[in-house]
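Biologist: I have just opened this one and would like a walk through it. Can we take it piece by piece?

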Amino acid sequence: MTEVSTVVYLATESIHNNDIVGKIEETGEKLSNAIFRFLSRNEIRGVHLATDEEQLQEDVYVLKDAIELDLRDLKDRDRGNEGDPTILYRNFMKAVKEKEEEYRDKELSGYKRLFCVPSFALGLVMASRIRRHYTHSSWFKISSLNQMLKVHGAVSQ
Amino acid sequence: MLERMANPEKPPLDREAIEKIRRQLLNPASDKVALKGKLSEMERAFRGRGDVSKWNEELLAKIDAQFVKRYLDDAGQPHDHLFFPNNPENLNAFTQYYQDVDHLLTMHPDLAPKYAREYFSYYAIWEMQGYAFPMPLGTANVVKTLDELAARYSRGFCEVSIPQVSESLDLPPPLRR
C-alpha cells in the first residue's frame, strides 16, 4: 500500500476522527494538498463526475501550488521582475509542462490548448491567487478561456 | 495592476501630493513636463509588485460593481465610450469610477493592501502609464467586457508594424489619431 493510499484508507476509515486532518497534514504540504484534493473528488457516483469547471479548478490549483513555491523562494531583487518566467517561476513552468503532457493525447483538447500557452496559464494562476474573485466569475471556464486564447492569444511583443 | 497596487514599499509621495499633481495635470495650461518630473520617483516605485493575494475578494467585488455601474448599461452592454481615446464621456466616467474606488479604499483599508490608495491615485494619472485612455482596474467584469469587445472587434486588435515598414520602404510616417 502506498503512502497516499494508506492515508486515504485512514481517512475513509476514521472519518469521524478529528485527528485525521492533522495526520494528513503531517505528510507534508505537497502530499497533503494532493490528498485533500483527491478526497474532495467524487470518485463514486458515476452520474456526478467532475464537471469541466471542477477539472479546470483542480488543474489551476495544482499550478497554483507550484507558483506559491516559486513566489516563496523569489528573492526581493527578483520581485517585480518581468524577466523570463522560465527562470523566475521554475516550479510553475515544470508543472505546466506536466499538465500539457498529461492532456497531450487526451480528447480534452481545450485543456491541452490552455497549457500549451504558459504565459496564459500563468495569468490564470496569478488570478486564482485572489480568492474566488476570478475563479468564480462567469468566464472562468474552459470554453470561455479557449475562446479568449483563440481571439487574442497569439500576440507577440 | 492589482499586483502593483499591492506593492508593500512605501510610496515616495503621499496620497495628497499625488492627488494635487493629478488635479494640476488636468489643467491644460499646466507645465506637464515639470509635473510629470515630480512623479518620477513614483514611477520607479510603481514598478514594484506585491502579493496579489492581499486583496480581499469582497472589496474587489465592490470595485467591480463600480465598473458595471459606470461603464455598462442596464442590459450589461458596455457604453460606446469605454476604451475609447479622446472621449469626454470616457474621461468623465473614469473620474467617477476613480472617486468611487477611492472611496471604497478609504472605507475598507483593512481589505486592501497597505498602500493601495496611494498607488491607485498614481495609476489614475493614466497618461503616466502610457495609455491612450484611462483603464479601469482589471477586475472580473472588466476582463469579461474586454474579451467580449476583443471578440466583436477582433480585426481592431491586429498587430501592425507600420513604422518599421515605412522606414524600410522609405515611405512617409503613418498618420496618427
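Biologist: What do the buried residues of helix 5 of chain B pack against?

Modeller: They pack against helix 6 and helix 8 (140-152) of chain B, where helices are DSSP runs of H or I with at least four residues, strands are runs of E with at least two, and both are numbered from the N terminus. Please keep in mind that this is a predicted model, in which local features need pLDDT of at least 70 and side-chain atom pairs count only at pLDDT 80 or more, while totals for chains, interfaces and linings use all residues. Residues are numbered from 1 along each chain as its sequence is written, and chains are lettered from A and ligands numbered from 1 in the order in which they are written.

Biologist: Which residues of helix 5 of chain B are buried?

Modeller: They are Leu59(B), Leu60(B), Ile63(B), Asp64(B), Gln66(B), Phe67(B), Arg70(B) and Tyr71(B); a residue is buried if 20 or more other C-beta atoms lie within 10 Å of its own, exposed if 12 or fewer, and partly exposed in between, with C-beta atoms placed from the backbone. Seen down the axis of helix 5 of chain B, these buried residues fall within an arc of 150 degrees, so they line one face of the helix, the arc being that of the directions from the helix axis to the C-beta atoms.

Biologist: And at what angle do helix 5 and helix 8 of chain B pack?

Modeller: The angle is about 40 degrees, with their axes 8 Å apart, where axes are lines fitted to C-alpha atoms, for helices over the stretch in contact, and angles run from 0 to 180 degrees between N-to-C directions. That makes helix 5 of chain B oblique to helix 8 of chain B, since angles under 35 degrees count as roughly parallel, over 145 as roughly antiparallel, 65 to 115 as roughly perpendicular and the rest as oblique.

Biologist: Switching to chain A, how many helices and strands does it have?

Modeller: Chain A has 9 helices and 0 strands, and buried residues make up 21% of its 157 residues.

Biologist: Which residues are buried in helix 4 of chain A?

Modeller: Those are Leu56(A), Asp59(A), Val60(A), Leu63(A), Lys64(A), Ala66(A) and Ile67(A). Of these, Leu63(A), Ala66(A) and Ile67(A) are among the residues that Phe92(A) touches, not counting residues up to four places away in sequence, with contact meaning C-beta atoms, placed from the backbone, within 7 Å.

Key. Two residues are in contact if their C-beta atoms, placed from the backbone, lie within 7 Å.
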